[in-house]
Amino acid sequence: MAKLFDFQLVFTEIPDLLAYLPTTLFLTFVALLIGLLVGFVIAIVRMNKIPVLSQLATAFVSVLRGTPIIVQLYISYFGIPIALKYINYYRGTDFNINDIPGIIFAMIALGLNQSAFDSETIRSAIQSVDKGQLEAAKSMGMTGWQVLRRVTIPQAVSVALLPLGNSLIALIKGTSLAFTCSVMEITAAGKVLAGRNYRYFEVYCSLAIIYWVITFILERVMAAIEKKVSIPEQPPETEKSLPKQSEARKEALA
Amino acid sequence: MSLVEIKGLKKSFGNNVVLDGIDLSIEEGEVVAIIGPSGTGKSTLLRSINLLEKPEDGQITIDGETYDLSRITSKEKLGLRQHTEMVFQQFNLFKHRNALENVMEGLHVVKKLSKEEARQAALQELRKVGMGDRLYHYPRHLSGGQQQRVAIARALALKPKLLLMDEPTSALDPELVGEVLLTIKQAAKDGYTILLVTHEMDFVKNVADRIIFLEEGKIVADGTPREILDNPENERLRTFLRNINMLRTADDYVI
């Protein structure tokens with residue numbers, strides 16, 4: 001009987017797949033940035049209830065959360081060229097649709113999908129910041145921007161970190177669907193590789209190992225960042241060298 | 001002319017008129033206590049002075065600069081807020097910054113001092129309130145009384161013309177009230193002008209120069225502690241004081 005499962009191949013294939021890892025990581029990184037930026041803008045628009053924009057943002061979030069990512073990738077891949085053709089036709093412009101690399105469509109689709117989820121995380125993190133502290137900052141004479149940058153954002157970040165980390169992990173795995181936009185990331189590379197020797201099972205095992213290791217590293221990194229931004233559990237040692245001032249003051253005032 | 005002059009301050013929430021044309025002048029170095037039944041606009045008065053609430057009408061003059069509170073620009077708002085500082089019932093320290101950073105924050109960000117200058121000034125203020133040995137403690141590591149002392153240091157570091165204190169001891173355990181009152185007394189001694197809402201009548205009697213009795217959005221009585229507490233002329237004021245005294249003598253009812 002031929003070898004049912006080529007255990008060795010699972011590992012020997014990994015280097016071939018890793019050659020495409022930069023594509024996966026680059027796609028993840030850009031989609032992450034788009035997600036955070038657009039998500040932040042959506043959160044601000046919805047929190048300030050800016051007319052028209054706020055309703056549009058709500059509809060956008062609802063649609064993107066309510067449709068599968070693979071459908072969104074196809075819509076981006078087929079829809080954007082159609083839109084460009086339409087613009088070319090009516091505006092007389094000359095965009096060359098075939099020049100656009102597939103990864104751009106994947107970046108847009110994955111980025112916007114992220115933004116829908118991130119916007120809710122960012123919104124709830126910002127709203128979780130204690131109003132009293134904002135009043136304290138305002139009454140010091142800080143401008144709105146200073147309050148946002150010095151008080152709201154630092155505290156919102158530590159609240160948002162965990163859910164944003166989860167969403168980043170989901171995104172990395174989501175990039176495996178980018179082959180729909182003809183992007184050669186590691187999953188697509190794996191399929192091509194398996195097409196040569198029909199060892200599909202082995203290549204998917206290799207891919208599983210790669211994704212899991214990336215996610216594992218990422219979890220460690222997130223945990224380290226979280227530890228860094230969180231307020232220490234234990235108070236520091238009190239500076240004993242200084243005299244007990246409260247006692248001295250009590251005597252002075254007595 | 002007085003250091004602070006408030007004229008015709010009006011504020012309502014919906015149909016509920018909370019402040020109904022308040023006129024009030026405060027001299028430099030004066031400690032003015034506001035007393036009155038709950039819901040009569042004591043906190044709202046304080047919060048309207050530094051525009052945490054937006055009054056419908058009224059003007060305020062601080063140190064020669066006049067602001068029309070109903071038509072204030074955002075630039076004037078920042079100016080007014082830099083003359084006044086607020087100490088809150090719930091302390092409202094920045095939770096992600098330690099005691100020293102809390103006090104440095106306004107000095108560095110609003111007063112534009114360098115980090116080192118801000119640090120020196122903050123150290124000095126924290127030592128004054130007796131928190132010099134807990135500079136690197138975060139608010140979560142401090143007791144309520146300690147947090148409030150840091151909050152007072154944070155306000156005083158900015159050298160406000162007028163210090164607003166909104167029930168600074170109401171959220172504290174009874175045994176922690178003393179240390180905060182002592183800190184406020186020290187600030188009064190140092191010559192700060194203070195407008196204070198409080199229920200600590202003994203403290204008011206000893207430290208305040210003037211007491212204002214606020215009821216239903218109006219100043220009903222205004223005088224020295226002796227005039228207000230010992231010989232109240234106003235009938236409503238007498239009722240209010242009787243009510244507090246009844247609470248004080250609750251021991252009498254213990255069987």
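1. In this predicted model, chain B holds an open sheet of four strands, ordered S2-S1-S4-S5 and paired in the antiparallel sense. Strands in a sheet are joined through backbone hydrogen bonds, and the pairing can be parallel or antiparallel. At the edges of the sheet in chain B lie strand S2 (16–26) and strand S5 (65–68), each of which pairs on one side only. Ignoring direction, neighbouring strands are turned against each other by 15° on average.

2. Strand S1 (residues 4–13) of chain B pairs with S2(B) over eight bridges, in the antiparallel sense. Within this part of the sheet, B:Lys11 stands opposite B:Leu19 of S2(B). Helix H1 (residues 42–49) of chain B packs on the sheet and touches S1, S2 and strand S4 (57–62) of that chain. The direction of H1 makes about 65° with that of S2(B).

3. Chain B is assigned domain 1 (27–55 + 161–250) and domain 2 (93–159). Their centres, taken over C-alpha atoms, are separated by 25 Å. Twelve residues of domain 1 of chain B and nine residues of domain 2 of chain B form the contact. On the domain 1 side, H6(B) gives the most, with six residues. That side divides into nine nonpolar residues, one polar and two charged.

4. The contact between the chains takes 32 residues from chain B and 26 residues from chain A. Helix H2 (74–83), strand S6 (84–87), helix H3 (99–109) and helix H6 (174–189) of chain B each supply at least two residues to the side that touches chain A. The largest share, four residues, comes from H6(B). By type, this side of chain B has eleven nonpolar, eleven polar and ten charged residues.

Terms used
Residues are numbered from 1 along each chain as its sequence is written. Chains are lettered from A and ligands numbered from 1 in the order in which they are written. This is a predicted model: local features need pLDDT of at least 70, side-chain atom pairs count only at pLDDT 80 or more; totals for chains, interfaces and linings use all residues. Two residues are in contact if their C-beta atoms, placed from the backbone, lie within 7 Å. Ala, Val, Leu, Ile, Met, Phe, Trp, Tyr, Cys and Pro count as nonpolar, Asp, Glu, Lys and Arg as charged, and the others, Gly among them, as polar. Domain bounds come from an automatic or database domain assignment. Two strands pair if DSSP finds at least two bridges between them. Axes are lines fitted to C-alpha atoms, for helices over the stretch in contact, and angles run from 0 to 180 degrees between N-to-C directions.
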